[in-house]
Every structure is written in C-alpha cells, then in structure tokens.
Amino acid sequence: MPYPRLRRGHALVACLLLAADLSGCARASATSRPATTVPASAPGVSLSGSSSRAPAPPPARWLGLLGEYGDGPLFRIVAEQDGHLQLVDSALHVTRLVERGDARFVTDPGGERADFERDAAGHGTALLLGSARLARNEIEPRAGTNQLRVTPVRPVEELRTEALAASPPAEAGPFKANDLVELVKLDSTIHLEIRYATTNNFLGTRFYDEARAFMQRPAAEAVVRANRALHPLGYGLLIHDAYRPWYVTKMFWDATPVDTRWLVADPAQGSRHNRGAAVDLSLYELATGRPVEMPSTYDESTERAYADYPGGTSRQRWHRALLRRVMEAEGFKVNAHEWWHFDHDSWRAYGINNVPFDKIPSVR
C-alpha cells in the first residue's frame, strides 16, 4: 500500500539510530537514504564483527513504554537503543533516559524527570516530561493484533465482479514477454505468509484464492539470491505479496474510502506489483520459523512503516536494515514509506498483467 501521508506535517526519517550517538543527525526528506551503517550482509561483504549479530532485546518492562507521545513542539518518540531508552523529537534530536525506578527516568544530560503513566497491562498511556503531560498517540495496531483496518465502502464481492469484468489501462510498450515464476519452486526455504489470501489484511477480506507468490524471472532469481545471502546469519525471507493481478488493485481502490486512497495504487496507472517486479516481504528465523519483529507491522499506514523510522528497538531496526541491505544488493529499491516493499530495477520492462494465479503456466 504505497505512499502513506504525513500525519503531523514533518518527516521522521533519515537515521536508523544504529549508532550510539546520533545527536548530530540532520533532518532529511522521506526519500533520503540512511546516514548510518547497516549490517554487512550482502554477497562479497564481510559478515564478521558485531554488525553480523542482532542486538539483544530490551528488558520486557520497557516494551509497553515504546511509542509516540505528544504533538507539535512536545512530540517525542520513545525508542530503545543499545540497552537504553531515549527520546527522539521531530527534528531527530536524541536524549538518553536513565532509569531511576519503576517507569521512572531522568534525561541525560539535564536530569529532567521523565515518568510514564501505564495501564494495568504495562502499556504506556502518557509521558510526564518535566511539568508537561504528553498523551500517548495510539497509532499502532491494538495489542494482540498485527493489522490496522479500513472499512470497505462497498461489498467486496460486488467489487470483485466489477473488477473481473474491467480491463487494465492500455500501455504503449514495448514490453518483455511475461515470465512469471513461483518463488517457492525456485527455493523452498522461502516462506510464504500471503495476507491477501486470508482475512488478515487492511480490508479484512480475502482477495486471492491461493496463497502463492510469483515474480518475473529476473526479480524472482534476485529474491532467491537475497534469501541465500541471509542464511549464514540464521534468517530467511518471508513473502507477504508479490505479483498481484490488476483486478485486485482495482478492488483495493474501489473498496477504499476516498479520503484514504493514498493507501493504495490507482488502477488507472497500475502498480509495480501488477508488473510482477515488486515484492512485500520480511524475515523469519531459520531455527524457529518465526517471523522477526520489525518497527511496525506489515501494511501499517503510519509513520512507523517508514523505511527510516527511528522508533522501536535496536533489534527491530537491525532486522529492518539487514533486509534492506540484502535486497538492495540484488537490484531492489525500498519504498521510503514501507520498509517491506521493494521494487526490482527491471520493473519498467514489463507491462501491467491481469492473469489470475491459477492461469499462470507452471514453469520453473
């Protein structure tokens, strides 16, 4: 779902906070690349040293405190970095917090009190910063869920009938012939969690009849190489979506309220998913098969989804940076507003496609 809007009119981007001291980090636009280092994981790059190991998770007592608080001049992100909590303001200035008791901290430097109000589950509801009370911005999915939802404006099955009867926009071309291949047939260690084949997606409706992932061959082979580059670090790729028939893009558009259509691609233009050269993905642990934690959930329409969002934990940001590094090494570019969305550099070579999964020829 490309191009989430800025909710507060500023860009909370540019630094991954993977370095201990980011006090000099300049504010940048949403298209800026990270200014600090990311894990060396691409083929031909040394994996030795601390950059090849994920940071330890923070103490469990802090997890409920992480998030966004306040607004305007008092806006703060509470993030974890290298075993410390810290405050990040809208200009990306960082202030470390020193723990003084249960949900009680002071700023370093300055010694200003920074206490948290919490609910019975330990979820922070407000930050008391000096004499100011900064209410929590409840932007993330509710506890126990992993998906923000949009209510469809019309019955999705009605929209499906219309979309299947419609035709994609005409394009001048010329384009390469389609060569869509199934990712798991190229590499069975690639795992699938195809959200649009379930109801666990932003519209709460099943769109695909089958949980399958296809891409044009050059992009698919690049995904396979990225997956294999991750194995020495103990990770593999988890695919959420890849090739998407055009009619599904039209369903997304027609189901989404006008004031939130910034969430979805315009079917009059088509999407890079329709061309078979875009992929939504994350990481999973080879040892357990479990997905890793990232700074936001998949398909989340908040600034937490930005590729350079400075919140969350060191471990989450390390995972996000690792994913980006291996994908960029194989010719992909991340969507600045969605850490999970990557476009292969071949996308312009292919036209908009509308072939359903079950009509794609079975080839390796």
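**View 1. Strands E2 and E3 run antiparallel, joined by five bridges.** E2 spans residues 76-81 and E3 spans residues 84-88. Strands here are DSSP runs (E, at least two residues), and helices are H or I runs of at least four, both numbered from the N terminus. Ile-77 has Val-88 of E3 as its bridge partner. The model is predicted: local features need pLDDT of at least 70, side-chain atom pairs count only at pLDDT 80 or more, and totals for chains, interfaces and linings use all residues. Residues are numbered from 1 along each chain as its sequence is written, and side-chain values use heavy atoms, without hydrogens and water.

**View 2. An open sheet of eight strands is antiparallel in its pairing.** The order is E1-E2-E3-E4-E5-E6-E7-E8. Two strands pair if DSSP finds at least two bridges between them. Strand E1 (67-69) and strand E8 (132-135) are the edges, each pairing on one side only. Neighbouring strands are turned by 30 degrees against each other on average, direction ignored. Axes are lines fitted to C-alpha atoms, for helices over the stretch in contact; angles run from 0 to 180 degrees between N-to-C directions.

**View 3. Five strands form an open sheet with mixed pairing.** Their order is E10-E12-E13-E15-E14. E10 (191-192) and E14 (332-335) are the edge strands. Four bridges join E14 to E15 (residues 338-344), and the two run antiparallel. Val-334 has Phe-342 of E15 as its bridge partner.

**View 4. Helix H6 (residues 314-329) packs on the sheet that holds E14 and E15.** H6 touches E12, E13, E14 and E15; contact means heavy atoms within 4.5 Å. The direction of H6 makes about 130 degrees with that of E13.
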